[in-house]
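Please find below a short note on the structure under review. The points are numbered so that each may be checked in turn.

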Amino acid sequence: MLLQPSKKALVPFVSVENMMHLVHHVGIETMLAELTDAIEDDFRRWESFDKTPRVASHSPEGVIELMPTSDHETYGFKYVNGHPKNMSQGLQTVTAFGLLAEVSTGYPVLLSEMTLLTALRTAATSAMAARHLAPKNSRVMAMIGSGAQSEFQALAMKVVVGIEEVRFYDIDFRATEKAVRNLADSGLRVVACRSAEEAIEGAQIVTTCTADKQFATILTDNMIGRGIHINAIGGDCPGKTELHRDILLRSDTFVEYPPQTRIEGEIQQMDPDYPVTELWRVITGLSEGRRDTNQITLFDSVGFAIEDFSALRYVRNRLKGTDLFLELDLLADPDDPRDLFGMLLRAKG
Ligand SMILES: NC(=O)c1ccc[n+]([C@@H]2O[C@H](COP(=O)([O-])OP(=O)(O)OC[C@H]3O[C@@H](n4cnc5c(N)ncnc54)[C@H](O)[C@@H]3O)[C@@H](O)[C@H]2O)c1
């Protein structure tokens, strides 16, 4: 009896298994659309959040990051890694979990897997940016990199932007075959391409989502025609970029949080005062997004803490009325709050 935790000790926990059930319970397309709106709602109240560049611990193999934020009612953080070489050892490049807590007491109110949720929120954020920046009536997207994130990106662009055809390219053709197979019933026209040039043919949106722990050049200047929207996701660490610098010089660049993007994004290749527009300002109408049909727009995505906060809050709301979580005995809860030691003694053999 003594070891039975009280209600106050329990924190709802969403396992990977329950997250998978939740996605199918809601419907993946509905969830991507709702997540896009949830993230956009929080971008509209951007100024009410605490913001800081994420705390990154780098190694030769990859990076481990903590991503905190708060709206002064709720606090959230995500733990996430990025290890491009993991794949060759049968491990994922990106894994994550996250937590929400009540600011008034500091008590956690949700702990969740976020590997799947990161793929969903990254896709939703891409779609949100494209909704504001891509050419009107965009129907074709090139997807460079057919890894873990790629199908999520394709589906979100279908649901939110109206993309009908996605043209996949990856240096490893087996990854492209996997994506084509996974999206067979998606309602998208899915094309497997043998080169990045082939993938880009006829595309209004070009998404780059590759993983390499070094400066890479996935796109060169001659590949990008006028009017294109580039959704650059894979360049998200110091020393890890995907676009040739000349593309940036021809583009208008939109970012999440400049102090973080200047360290991690494509713009790390540019001077520290290189002009960028914050996406929240476009969403709220404070800054101009796409001006004309010739403009090249670039969303230099690195992933920001507010997107994870929005996704965790969305999951917390969506869990209501379901049994898709476990009650985790996460918090010590002595009968007398000052008698933590007494609680420990009572558990002794
Ligand atoms: N911006 C964000 O918010 C955000 C969120 C999640 C992941 N990411 C980043 O997105 C990238 C992809 O993540 P993932 O989970 O899909 O990784 P993944 O390892 O599952 O897939 C990456 C794919 O890129 C391919 N690739 C590598 N070099 C290439 C090249 N030169 N041309 C074409 N394809 C190439 C690989 O073969 C692999 O299939 C990573 O760099 C990750 O850090 C960014």
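Which residue is the bridge partner of Pro68 in β4? The answer is Phe77.

1. This is a predicted model, in which local features need pLDDT of at least 70, side-chain atom pairs count only at pLDDT 80 or more, and totals for chains, interfaces and linings use all residues. Residues are numbered from 1 along each chain as its sequence is written.

2. Strand β3 covers residues 63–70; strands (E, at least two residues) and helices (H or I, at least four residues) are DSSP runs, numbered from the N terminus. Val63, Glu65, Met67 and Thr69 lie on the covered face of β3, whereas Ile64, Leu66, Pro68 and Ser70 lie on the uncovered one.

3. β3 pairs with strand β4 (residues 74–82) in the antiparallel sense, through 8 bridges; two strands pair if DSSP finds at least two bridges between them. The hairpin of β3 and β4 has 3 residues between the strands, and His72 in this turn has a positive phi of about 75°.

4. β3 is also antiparallel to strand β2 (residues 55–58), with 4 bridges. His58 stands opposite Val63, and a hairpin of 4 residues joins β2 to β3.

5. Helix α2 (residues 28–44) has buried residues, including Met31, Leu35, Ile39 and Phe43; a residue is buried if 20 or more other C-beta atoms, placed from the backbone, lie within 10 Å of its own. The buried residues of α2 pack against α1, α3, α4, α9 and α10, where contact requires C-beta atoms, placed from the backbone, within 7 Å.

Notes: Buried ≥ 20, exposed ≤ 12 C-beta atoms within 10 Å, placed from the backbone. Contact = placed C-beta atoms within 7 Å.
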